[in-house]
Number of protein chains: 2
Amino acid sequence: MISTLQHRRAPAEAGVRRCPIGSVQLDNGRTLPDVVIGYRTWGTLNADASNAILVEHALTGGTDVVTDDDTRPGWWQGLIGPGLAIDTRRWFVVAANIVGGCFGSTGPASVAPDGVPWGSRFPLITVRDSVRAEAALADRIGIDRWHAVIGGSLGGMRALEWAVEYPGRVRHCAVIAAGAYSTAEQIAWVQPQLMAIRQDPSFRSGDYYGGPPPAAGLGLARRIAHITYRTESEFGSRFSRLPQGAEDPYGHSSSVAGRERYAVESYLDYQADKLAGRFDANSYIAVSETLVSHDVRRGRGDLRRALSGATADFTIAAISSDRLYLPAGSYELAHALPGSPHVAEIDSPYGHDGFLLETEAIGSLLAQRIV
Amino acid sequence: MISTLQHRRAPAEAGVRRCPIGSVQLDNGRTLPDVVIGYRTWGTLNADASNAILVEHALTGGTDVVTDDDTRPGWWQGLIGPGLAIDTRRWFVVAANIVGGCFGSTGPASVAPDGVPWGSRFPLITVRDSVRAEAALADRIGIDRWHAVIGGSLGGMRALEWAVEYPGRVRHCAVIAAGAYSTAEQIAWVQPQLMAIRQDPSFRSGDYYGGPPPAAGLGLARRIAHITYRTESEFGSRFSRLPQGAEDPYGHSSSVAGRERYAVESYLDYQADKLAGRFDANSYIAVSETLVSHDVRRGRGDLRRALSGATADFTIAAISSDRLYLPAGSYELAHALPGSPHVAEIDSPYGHDGFLLETEAIGSLLAQRIV
């Protein structure tokens with residue numbers, strides 16, 4: 001599988017292994033052929049394959065959970081490694097890129113059987129589809145049962161689906177900053193993001209490979225998303241109404257043509273550019289649609305019934321200030337799970353991004369409960 | 001002043017009178033020449049001009065505070081009229097379109113002295129500039145002192161500026177769902193909205209008059225804004241994960257090209273189309289920038305000092321569930337005002353839009369305090 005974005009994706013994919021898993025049957029009746037899963041591992045699988053932990057990434061994450069490169073830390077840097085919370089002297093840790101992503105797994109930028117990138121033709125991948133593909137990966141790398149499947153946000157949704165779809169294959173399951181289904185509000189927030197990409201003239205219905213990518217649209221999507229990931233109080237204390245450096249937001253002569261910036265605007269510009277430089281816009285759409293599809297109840301009855309077959313030991317955690325994946329969603333999930341496990345509410349000022357930033361609290365929680 | 005958008009704006013402007021006020025000196029040193037203010041009145045000004053009330057509209061509002069047309073109710077319908085909370089048998093009510101708007105006042109679509117619409121050249125209008133223009137209107141229609149200046153959201157910011165800039169001209173001042181300045185979070189939310197308009201290929205740097213307007217960009221801006229105006233719980237209870245009618249969000253074959261909709265998405269489409277059909281995109285930018293400029297402290301010292309000269313009797317109200325103009329901002333304002341007036345927190349499930357929807361509570365409050 002040759003990627004048309006290989007030059008852009010190279011740094012994040014260093015060390016990623018690729019496992020062909022054949023076709024994946026999708027919930028909507030279609031088949032995605034020739035699927036490859038990009039994954040990375042840390043530690044050593046023991047003789048009876050009982051020490052494997054699957055770490056599931058979120059929307060724009062990848063297999064770079066931790067890195068050896070100080071200039072490019074992983075998204076859970078400090079949590080996994082020798083002597084750390086998830087001690088790789090004991091545990092064999094696996095991180096798989098989600099199907100639809102752009103860090104090693106088959107996604108919209110991958111070349112379809114006809115020799116042309118999937119682009120506009122890339123199918124809807126539900127959370128359940130993505131987990132089905134990961135089960136095929138587990139089969140191929142010899143892991144029958146995970147000691148734990150752990151994830152936050154979209155990673156938490158995938159962890160939950162693992163525990164429900166494959167109860168015999170998951171001993172512990174940690175669902176952080178995610179609920180049992182994507183809510184109307186979460187669906188609402190995705191709509192303008194994907195529209196921003198699709199309205200970018202470079203998007204060309206998703207068939208832009210070979211031409212310039214819709215970076216402006218992706219940057220706009222990221223700005224919207226990033227605000228929802230943080231909190232009003234953090235923005236207030238960090239930026240207040242400060243101008244950006246020597247810029248003067250009151251000074252420019254036209255409102256329509258644009259003015260100089262406030263510091264918070266420069267911060268959003270930075271976040272937008274950073275994502276647009278490392279992520280494929282079509283993958284942003286594909287994986288956002290996976291997130292929107294999340295509903296553990298689908299085809300399984302009401303929530304309690306849908307969860308009734310899950311046998312894993314659950315760790316449910318919420319970020320206190322999360323305004324996108326409200327703690328209420330975690331309580332609803334926990335309440336409906338067999339045995340109604342306790343919800344660990346992690347006190348954080350960072351909002352949803354607390355699931356990435358509060359590694360110490362998350363490490364303690366996992367150490368207490370799972371590892 | 002001939003508008004290039006007259007065909008679109010006609011319905012909302014029926015009954016609007018236009019008052020030329022000459023040049024307006026702007027905070028940034030520029031002069032906006034030949035300014036016209038569109039305004040509407042209800043009731044009769046009494047002999048000593050002591051019964052006048054100025055009602056200030058919000059971002060996309062206009063002078064249609066109340067209408068006689070049941071199919072197109074005003075934004076505070078039911079609040080103003082004979083026998084209503086603001087009883088027009090007693091009070092003379094004035095509503096003025098903000099400078100930069102598109103409902104009768106000089107704005108980006110207006111023709112500049114060179115015979116071409118202002119478009120990309122339209123200057124930044126601060127809240128203070130807009131109030132200066134309204135003071136010129138008041139002079140011309142013979143109102144030396146308002147019995148009250150009342151507004152919500154951007155209208156509340158204008159009301160506050162009136163009371164601070166012209167203390168002798170404001171007896172009562174009601175600031176609803178607005179704080180003393182636009183916060184980092186509020187600035188942040190505006191950025192992707194204006195970017196959405198500017199990234200629309202039809203925008204042409206703001207000089208699109210005569211061609212198609214950037215309706216897609218404006219619709220995208222409205223979607224973002226509308227979510228911030230409402231609440232997660234309202235979306236949840238109204239829409240949950242319901243599909244729109246017979247549409248099937250899981251059924252479509254491609255995620256990249258787009259799928260069928262959830263009900264909440266159709267609702268946002270409706271809100272977007274409604275605004276794009278009635279509002280000029282450049283005015284959306286101009287008035288949003290006015291909102292971003294809001295800082296009653298600017299050039300006046302700290303907040304308490306900035307407010308120290310205000311002599312009006314203040315009514316400060318917040319919407320309990322407002323997540324864009326947090327009640328905390330209203331408390332901060334009230335606390336710093338002379339005499340630290342009480343904050344009336346209006347209990348509402350609607351979020352920021354409660355300032356438009358909770359007319360009964362607002363009417364009671366105004367009846368108790370002002371009229």
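Which side chains meet B:Asp353 in a salt bridge? The side chain of B:Arg230 does, at 2.9 Å from N to O. A salt bridge here is a side-chain nitrogen of Lys or Arg within 4 Å of a carboxyl oxygen of Asp or Glu.

## Basis of the model

This is a predicted model, in which local features need pLDDT of at least 70 and side-chain atom pairs count only at pLDDT 80 or more, while totals for chains, interfaces and linings use all residues. Residues are numbered from 1 along each chain as its sequence is written, chains are lettered from A and ligands numbered from 1 in the order in which they are written, and side-chain values use heavy atoms, with hydrogens and water left out.

## The interface between chains A and B

On the chain B side, 69 residues are in contact (heavy atoms within 4.5 Å) with 69 residues of chain A. The size of an interface is often given as the accessible area lost when the parts come together. Here the buried area is about 5300 Å², and carbon and sulfur atoms give 61% of it; the figure is the accessible area (1.4 Å probe) that two parts lose on being put together, summed over both.

## Helices on the chain B side

Five elements of chain B each supply at least two residues of the side that touches chain A: helix H4 (184-198), helix H5 (215-229), helix H6 (232-239), helix H7 (263-276) and helix H8 (281-293). Helices (H or I, at least four residues) and strands (E, at least two) are DSSP runs, numbered from the N terminus. H4(B) gives the largest share, 10 residues. By residue type, this side of chain B divides into 31 nonpolar, 23 polar and 15 charged. In that division Ala, Val, Leu, Ile, Met, Phe, Trp, Tyr, Cys and Pro count as nonpolar, Asp, Glu, Lys and Arg as charged, and the others, Gly among them, as polar.

H5(B) has 15 residues and reaches 20 Å from its first C-alpha to its last, close to the 21 Å expected at 1.5 Å a residue; the expected span is 1.5 Å times one less than the number of residues. Of the 15 residues of H5(B), 13 are buried, so this helix is largely enclosed by the rest of the structure. Buried means under 20% relative accessible area, exposed over 50%, and partly exposed in between (1.4 Å probe, protein chains only).

## Salt bridges within the chains

Over all chains, the salt bridges come to 48. In the pair that opened this report, B:Arg230 lies in the loop between H5 and H6 of chain B and B:Asp353 in the loop between strand S10 (343-346) and helix H11 (354-357), so the pair ties together parts that are 123 residues apart in sequence. Both B:Arg230 and B:Asp353 are buried.

B:Glu247 forms a salt bridge with B:Arg261, the closest N and O atoms being 2.6 Å apart. Both residues are in the loop between H6 and H7 of chain B, 14 residues apart. B:Glu247 is partly exposed at 23% relative accessibility, and B:Arg261 is partly exposed at 25%. B:Asp87 and B:Arg89 form another salt bridge, at 2.7 Å between the closest N and O atoms; B:Asp87 is buried at 15%, whereas B:Arg89 is exposed at 65%. In chain A, a network of salt bridges links A:Asp27, A:Asp129, A:Arg132 and A:Arg298.

## Individual residues

A:Ile362 is in helix H12 (residues 359-369) of chain A and counts as buried at 0% relative accessibility. Leaving aside neighbours within four places in sequence, A:Ile362 is in contact with residues including A:Trp76, A:Leu79 and A:Phe355. B:Ser130, in helix H2 (residues 127-140) of chain B, is also buried at 0%.

A:Arg204 has a positive phi, near 45°, in a residue other than glycine. A:Arg204 is found in the loop between H4 and H5 of chain A and is exposed at 52%.
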